[in-house]
Amino acid sequence: MEWTTVEAANGAKLSVRLFKPAAGAEAAAAEDVAVVLVHPYTILGGVQGLLRGIAEGVARRGYRAVTFDMRGAGRSTGRASLTGSTEVGDVEAVCRWVADNLNPRGVLLVGSSAGAPIAGSAVDKVDQVIGYVSIGYPFGLMASVLFGRHHNAILKSEKPKLFVMGTKDGFTSVKQLQNKLKNAAGRVDTHLIEGAGHFQMEGPAFDARMVDLIVNFIKSLPK
């Protein structure tokens, strides 16, 4: 693991952590796709540490993984926004840093909870992003008051997308998810986890399952 700092728009300095595969662990994969993970809502305590288990698991499978604190979270400077609008620029900055410094074939963006709409708004802003995974995207009516402005960006993107959600998610019902995705552009995959709630899926008990879903999705992407 390595720490670095990436400067985003408006001068925010973002604390970034790189997880590297162990020596000899599927070395070819490390040069292939890098995974950038976007943490849950900063205002409710979201920080990059919540994604450490997934990042470590992805690295054990041979892929470089990157977590970071968005502005106003953890060790990063700046102020968090209510709607995640300025944080989209943070995701862009980290993805560009990954593309320029790690030189992978492509970047997979993974967003958890409120990190999903924020990441989704950055997908088409960075050419090197080749796919997107959402863990518990908050599509529901109440959450849409804050994050509705992000919906169109990911739904109109032609890039491959995977939406992972628990069937007991308190922010988005299965029907709401299906209704949102039925007219989405490009390849759209869904994976429902029976009986899982929104915050359960952010916990370590689901890390291994998320790693499997992410790695299998990477392997399904066109070379």
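**Helix α2.** I began with helix α2, residues 52-60, in this predicted model, and looked up which of its residues are buried: they are I54, A55, G57, V58 and A59. An α-helix has 3.6 residues a turn, so residues three or four places apart point the same way. I then asked what the buried residues of α2 pack against, and I noted the strands β2 (13-19), β3 (33-38), β4 and β6 (129-135), together with the helix α8 (207-220). Just after α2 I came to G62, which takes a positive phi of about 105°.

S15 counts as buried because its relative accessibility is 7%, and the cut-off for buried is under 20%. Leaving aside neighbours within four places in sequence, I listed W3, T4, Q48, T67, F68, D69, R75 and S76 as the residues in contact with S15.

**D90 in helix α3.** Is D90 buried or exposed? I found D90 in helix α3, and at 0% relative accessibility it counts as buried. The side chain of D90 makes a polar contact with the side chain of R71, at 2.6 Å.

**Two positive phi values outside glycine.** I looked next at N10, which is not a glycine and yet has a positive phi of about 65°. N10 is found in the loop between β1 (2-7) and β2, where it counts as exposed at 72% relative accessibility. I set beside it S113, another residue other than glycine with a positive phi, here near 55°. S113 sits in the loop between β5 (106-112) and α4 (115-122), but at 9% relative accessibility S113 counts as buried, whereas N10 counts as exposed.

Last, I asked which residues make the nonpolar surface patch of about 330 Å², and I wrote down I43, L44 and L82. L82 has its place in the loop between β4 (65-68) and α3 (87-102), the latter being the helix in which D90 lies. With a relative accessible area of 56%, L82 is exposed, because exposed means over 50%.

Note on methods:
Residues numbered from 1 in each chain as written. Predicted model: local features only at pLDDT ≥ 70, side-chain atom pairs only at ≥ 80, totals over all residues. Heavy atoms only, no water. Patch = residues over 30% accessible without salt bridge, like charges linked within 9 Å, V, L, I, M, F, W, Y side chains within 5 Å. Areas by Shrake-Rupley, 256 points an atom, 1.4 Å probe, with all protein chains shown as cover. Salt bridge = Lys/Arg side-chain N within 4 Å of Asp/Glu carboxyl O. Helix = DSSP H or I, 4+ residues; strand = E, 2+ residues; numbered from the N terminus. Buried < 20%, exposed > 50% of the residue type's maximum accessible area, 1.4 Å probe, protein only. Contact = heavy atoms within 4.5 Å. Polar contact = N/O pair within 3.5 Å; in protein donor to acceptor, adjacent residues only side chain to side chain.
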